[in-house]
Amino acid sequence: MELFQGFLTVFSGWTFFAVLIGTLFGMILGAIPGLTSTMALAILAPLTFGFDPIVAICMLMGIYIGGIAGGSISAICLNIPGTPASAATAIDGYCLSRQGESQKALNVSFLASAVGGLFSGAILITLAPYIAKVGLKFSSPEYFALGILGISIILSISGKQLVKGLAVALLGFMIATIGIDPISGFSRYTFENSNLTNGISYIPALIGLFGLSEVFSFVNDSYQSKSKNFKYRIKLKSFEWKRIMGTLFRSSSIGTFIGAIPGAGADIASWASYDVATRFAKKDDKYGKGELKGVVASEAANNANVGGALIPMMTFGIPGDGQTAMLIAFLLIQGLEPGPLLFQNNPDFVWAMFASVLIANVLVFLYGISLTNSIVKIISQPTKIIYPCVIMFCLIGSFAVNNNIFDIGMMCLFGVIGFLLKKFDYPIAPLMLALILAPMIESNLRRGLVMYENNFLMFFQRPIFLGILALGIILIISTLWLRKSTNNIG
Amino acid sequence: MKYSFFNREAVIGWALFLLSIIYGFLAIGFPKGGNEPGPSFLPLVLSGGMLVCSLIIVFKHRKVEEAKEENPAFRIGRKHLFLVIYLAIYLILLPVIGFIGMSLIFLFLTFRLYDNKGIFRPIIYSVILTFSMYGLFKLFLNVPLDLM
């Protein structure tokens with residue numbers, strides 16, 4: 001019933017139009033090599049600031065889902081994965097393309113993306129309200145533990161660069177302490193600059209880290225991809241449908257499960273799913289030489305990852321990856337705090353968002369089978385034209401948050417920091433996670449200590465607190481194991 | 001194998017070390033809390049953590065490795081410097097010249113920086129992009145670009 005209400009909200013007014021536009025823009029930007037779905041969210045989120053929060057979040061969901069699915073277009077047609085999550089798609093997708101079956105590979109990839117996304121969306125809609133109800137029983141110590149659980153993600157996303165990842169996370173925490181202290185109201189590190197009183201704005205920082213830093217990376221290296229025309233349509237034969245069905249649902253389940261693990265991300269989901277698919281290979285399967293099931297495995301998993309990643313984000317406010325961190329930053333700007341209270345206080349918002357997840361996945365398929373030719377033409381534009389446009393979006397986007405030129409300066413500073421971090425092989429994601437999680441960790445730790453008269457050991461007498469810590473340890477081990485096994489495949 | 005505490009990677013470690021000292025030093029001046037740790041608690045913990053991390057980075061990278069082939073995208077060159085200068089000029093002159101005038105100049109220079117040869121093409125691209133952005137953000141989305 002609530003979902004039905006969510007659909008009614010989406011189909012009223014401008015909301016459906018916003019999902020239509022968001023998904024299309026997401027697919028185009030996701031298809032452009034070098035522009036990830038995180039970057040698409042970073043540069044397009046400012047377009048939504050003036051919108052009603054429901055219209056805005058539905059558009060952002062379209063960008064997020066379209067961005068992940070769009071990566072397969074360049075992976076299949078150009079052998080350049082538009083997003084890291086589509087790297088596994090390129091293996092079989094491009095082989096099929098060279099064999100003259102690019103249209104079939106694209107159709108299958110969009111079908112897999114849509115089914116994977118719908119599957120994970122259904123899981124999200126079923127489970128999230130129950131998990132959120134559990135979240136209502138949480139108090140400050142539990143929220144502190146959730147913050148620590150979020151920080152444990154840094155261990156997994158830092159890969160081999162653990163110390164560098166920790167250093168970057170600490171840098172993020174340091175930046176997050178700028179501004180008024182959340183408990184005492186004391187100004188820290190503001191140097192009497194009124195622009196710093198409320199701390200560093202998330203959105204300009206994220207636009208700089210993910211948008212401008214990418215532009216810096218390509219200033220020496222512009223290129224133009226060769227475009228192809230797809231004038232013919234190919235339908236899947238019934239035996240091909242039967243062949244891909246098993247892989248489709250298995251990969252959707254894998255993608256949803258991995259997505260729900262904070263820190264794992266869509267790239268791990270697609271590689272893990274591809275690995276499992278090759279283990280289930282039959283005699284006549286041609287993995288690595290143009291196998292449709294290879295495309296299905298990767299694409300179903302990376303889009304199914306979206307619904308999975310939204311579970312910890314919506315229920316506890318934990319960003320599992322770059323895209324969900326961006327969505328949390330956006331929600332905070334709109335005055336909405338993701339977590340169990342969002343389900344209680346803003347059910348219209350939550351259910352419209354869930355409905356938009358399902359709609360965007362259907363649109364991915366419809367756009368995919370009808371607009372591939374046009375999207376390939378757009379992504380074949382030289383980067384020397386695309387990147388100055390991205391800079392303009394970054395500049396205006398960071399201004400639009402607070403209508404303040406100071407934010408543009410901050411965005412540029414974070415752009416340079418992001419570029420330098422990448423140059424010296426430091427991961428960027430821990431900085432972003434620390435920026436988002438620091439206020440949650442600090443304020444809840446200190447509130448919890450006030451509750452227990454400065455005795456931290458009392459936290460350990462709370463069973464949910466201990467349960468979350470145990471979950472954190474399990475997550476660290478499982479994600480490190482997943483990353484190790486997917487690195488072996490990749 | 002040569003050892004040095006001042007190679008490129010180790011220098012970043014030293015920079016982080018210095019940052020942690022300054023950050024921690026400023027935190028000492030913050031008030032202490034009563035029945036909770038107070039505003040200085042987290043900064044002091046972070047400062048200590050960064051101190052340890054920076055020293056690990058310095059020691060880990062003290063070996064001077066033979067020059068590795070660097071990703072050309074991350075090689076800092078003249079163009080990076082120019083882009084930073086253009087952005088700085090944009091920020092400084094924006095309140096003086098205004099959004100349209102400053103964006104036209106900035107975009108012309110940026111299109112040239114991204115290897116768009118000649119004069120006319122960069123001019124046409126800059127004009128189209130500036131006015132499309134103005135139309136989209138100012139007229140459609142009501143972002144007060146006049147304040148820029």
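Leaving out residues within four places of it in sequence, Ser40(B) touches Ala27(B), Phe30(B), Pro31(B) and Lys32(B). This residue belongs to a predicted model, and the predictor assigns the complex an ipTM of 0.90 together with a pTM of 0.79.

**Ser40(B) and its setting**

- Ser40(B) is placed in the loop that runs between α1 (8–28) and α2 (41–60) of chain B.
- With a relative accessibility of 2%, Ser40(B) counts as buried, and its contacts beyond the sequence neighbourhood include Phe30(B) and Pro31(B).

**Chain B as a whole**

- Chain B contains five helices and two strands, and, read from the N terminus, these elements follow one another in the order β-α-α-β-α-α-α.
- When contacts in chain B are limited to residues at least 6 apart in sequence, 54% of them join residues at least 24 apart.
- The mean pLDDT of chain B is 85, and 85% of its residues reach a value of 70 or more.

**Overall build of chain A**

- The secondary structure of chain A is made up of 19 helices and two strands.
- Chain A has a radius of gyration of 22 Å, which is close to the 23 Å given by the globule rule for 490 residues, and chain A is therefore as compact as a globular protein of that length.
- Taken along its principal axes, the C-alpha trace of chain A spans about 70 × 50 × 45 Å.
- Buried residues account for 64% of the 490 residues in chain A, and among the chain A contacts with a separation of 6 or more, 80% are between residues 24 or more positions apart.

**Surface and charge of chain A**

- The accessible surface of chain A amounts to about 17,300 Å², and 63% of this area belongs to carbon and sulfur atoms.
- Chain A carries 31 positive and 23 negative side chains, and the centres of these two sets are 12 Å apart.

**Confidence in chain A**

- The average pLDDT of chain A is 83, with 91% of the residues scoring at least 70.
- Within chain A, the lowest confidence is found in α19(A), which has a mean of 75, whereas the highest is found in β2(A), at 92.

**Positive phi angles in chain A**

- Glu192(A) has a positive phi of about 60° although it is not a glycine, and its place is the loop between β2 (187–188) and α9 (202–217) of chain A.
- The relative accessibility of Glu192(A) is 81%, so this residue counts as exposed.
- Asn454(A), which is likewise a residue other than glycine, has a positive phi near 70°, and it is found in the loop between α18 (429–451) and α19 (463–489) of chain A.
- Asn454(A) has a relative accessible area of 38% and is partly exposed.

- Gly211(A) lies in helix α9 of chain A, where its relative accessibility of 0% places it among the buried residues.
- Apart from neighbours within four places in sequence, the residues in contact with Gly211(A) are Met39(A), Leu206(A) and Cys394(A).
- Between Gly211(A) and Ile405(A) there are 18 Å from C-alpha to C-alpha, and the two residues are 194 residues apart in sequence.
- Val362(A) is part of helix α15 of chain A, which covers residues 347–379, and with a relative accessible area of 38% Val362(A) is partly exposed.
- The C-alpha atoms of Val362(A) and Ile436(A) are separated by 31 Å, and the two residues stand 74 residues apart along the chain.

Conventions. Residues numbered from 1 in each chain as written. Chains lettered and ligands numbered in written order. Heavy atoms only, no water. Helix = DSSP H or I, 4+ residues; strand = E, 2+ residues; numbered from the N terminus. Rg over C-alpha atoms; globule rule 2.2 N^0.38 Å. Buried < 20%, exposed > 50% of the residue type's maximum accessible area, 1.4 Å probe, protein only. Contact = heavy atoms within 4.5 Å. Areas by Shrake-Rupley, 256 points an atom, 1.4 Å probe, with all protein chains shown as cover. Lys, Arg positive; Asp, Glu negative; His and termini not counted. Charge placed at Lys NZ, Arg CZ, Asp CG, Glu CD. pLDDT = per-residue confidence, 0-100.
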